[in-house]
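Here is a walk through one protein model, helix by helix. Keep the viewer open and follow along.

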Amino acid sequence: MSGPAPLANDRVGEIAVCVQRRLESLYGLDPEAPVTDYLVPAGAVSHLPGGGSRTLVAQEGDEVSVGVVLDESVGAGLERTDPRERLDGSNLGSFTTLTEEVSHFLYVLSRARRDRPMTQLELELQGEIDKYLVVLFFRGLEDEGAVSERLRQLLFERYELTAGLSVESSERYHEASRLANRYCGWLEARYLGRRRREALQRETRRFWRLGQREKLETIAAVRSA
């Protein structure tokens, strides 16, 4: 597996690596090379389809190449207010966008190393859940269930999609948000509200390692619980 040459290690890069290490610790993953080694300037891929922040994946034979693009607006939001010091409405959108791309980066690399198939819905679903969990951890799980319920509304109900998405991509994103909202709501009721943090970690590690079919079956089961 390979990536592009590293970019300068500025504040945004430091935050991205911080999120990466938080996710690796949460899921018990072997540390990867820092995601900053895989960042690609948005201008360098302007000729490719799509826009905004995204994770690029290309495969040639057994070699998988990964690149992470962060829109300029993400960097601007995080440069103004460092989420390691304060995370609120002024930088939540930028931070969760960065977190989603770091989540995609780790998920793609993990599946590639294990030669496991992966769907786009599976990738988006895990990215949505990771945004929720990382924000909670950055805020120290303060107020636990109360904070997470408000957070779910912001992340999964009041979001706006990037302009120009195809109908298929829009529908997939809406479905991933709906499923993540269900699952994270169950996490609130079962673990956060009862202060069962170790059990929360065990469950989220188990879920992360599931494939799409098993993930959807888990969510279907918790909906009827």
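Predicted model: local features only at pLDDT ≥ 70, side-chain atom pairs only at ≥ 80, totals over all residues.

A crossing of two helices is called left-handed if the near helix is turned anticlockwise from the far one by less than a right angle, and right-handed if it is turned clockwise. Hold on to that for the helix pairs below.

Some ground rules for reading this model: residues are numbered from 1 along each chain as its sequence is written.

**The overall picture**

The protein comes to eight helices and three strands. Helices here are DSSP runs of H or I with at least four residues, strands are runs of E with at least two, and both are numbered from the N terminus. Along the sequence, the order reads α-β-β-β-α-α-α-α-α-α-α.

Of the 225 residues, 48% count as buried. Buried means under 20% relative accessible area, exposed means over 50%, and partly exposed is in between (1.4 Å probe, protein chains only). The protein exposes about 11400 Å², and carbon and sulfur atoms supply 47% of that; the areas come from the Shrake-Rupley method with a 1.4 Å probe, and for residues only the protein chains shown count as cover.

How about contacts along the chain? Among those between residues at least 6 apart in sequence, 69% join residues at least 24 apart. Contact means heavy atoms within 4.5 Å.

Two packed helices are described by the angle between their axes and the distance between the axes. The axes are lines fitted to C-alpha atoms, for helices over the stretch in contact, and the angles run from 0 to 180 degrees between N-to-C directions.

| Pair | Angle | Axis distance |
|---|---|---|
| α6 and α7 | about 150 degrees | 10 Å |
| α1 and α3 | roughly 55 degrees | within 9 Å |
| α4 and α7 | roughly 160 degrees | within 11 Å |

As for the words that go with those angles: under 35 degrees counts as roughly parallel, over 145 as roughly antiparallel, 65 to 115 as roughly perpendicular, and the rest as oblique.

Start with α6 (residues 167-192) and α7 (residues 197-208), which pack at about 150 degrees. That makes α6 roughly antiparallel to α7. The crossing of α6 and α7 is right-handed. On the α6 side you'll find Y183, W186, L187, Y191 and L192, which meet A199, L200, E203, T204 and F207 of α7. By class, the residues of this α6 and α7 contact are eight nonpolar, one polar and one charged. For the classes, Ala, Val, Leu, Ile, Met, Phe, Trp, Tyr, Cys and Pro count as nonpolar, Asp, Glu, Lys and Arg as charged, and the others, Gly among them, as polar.

Which hand does the crossing of α4 and α7 have? It's left-handed. L125, Q126, I129, D130 and L133 of α4 make this contact with T204, F207 and W208 of α7. The classes here are five nonpolar, two polar and one charged.

Last pair: helix α1 (residues 11-27) and α3 cross at roughly 55 degrees. That makes α1 oblique to α3. The α1 and α3 crossing is right-handed. From α1 come V12, I15, A16, V19, Q20, L23 and E24, and they meet F95, L98, T99, V102, S103, F105 and L106 in α3. That contact has ten nonpolar, three polar and one charged residues.

S94 is found in α3 (residues 92-113). Is S94 buried or exposed? At 13% relative accessibility, S94 counts as buried. Leaving aside neighbours within four places in sequence, S94 is in contact with S73, V74, G77 and L78.

D115 lies in the loop between α3 and α4 (120-138). Its phi is near 55 degrees, a positive value in a residue other than glycine. D115 is exposed, with a relative accessible area of 70%.

P117 lies in the loop between α3 and α4 as well, and is exposed at 71% relative accessible area. The C-alpha atoms of P117 and Q212 are separated by 9.5 Å, with the two residues 95 apart along the chain.

Finally, V222 lies in helix α8 (residues 212-223). V222 is buried, with a relative accessible area of 12%. The C-alpha atoms of V222 and Y183 are separated by 7.2 Å, though these residues are 39 apart along the chain.

Technical notes. Heavy atoms only, no water.
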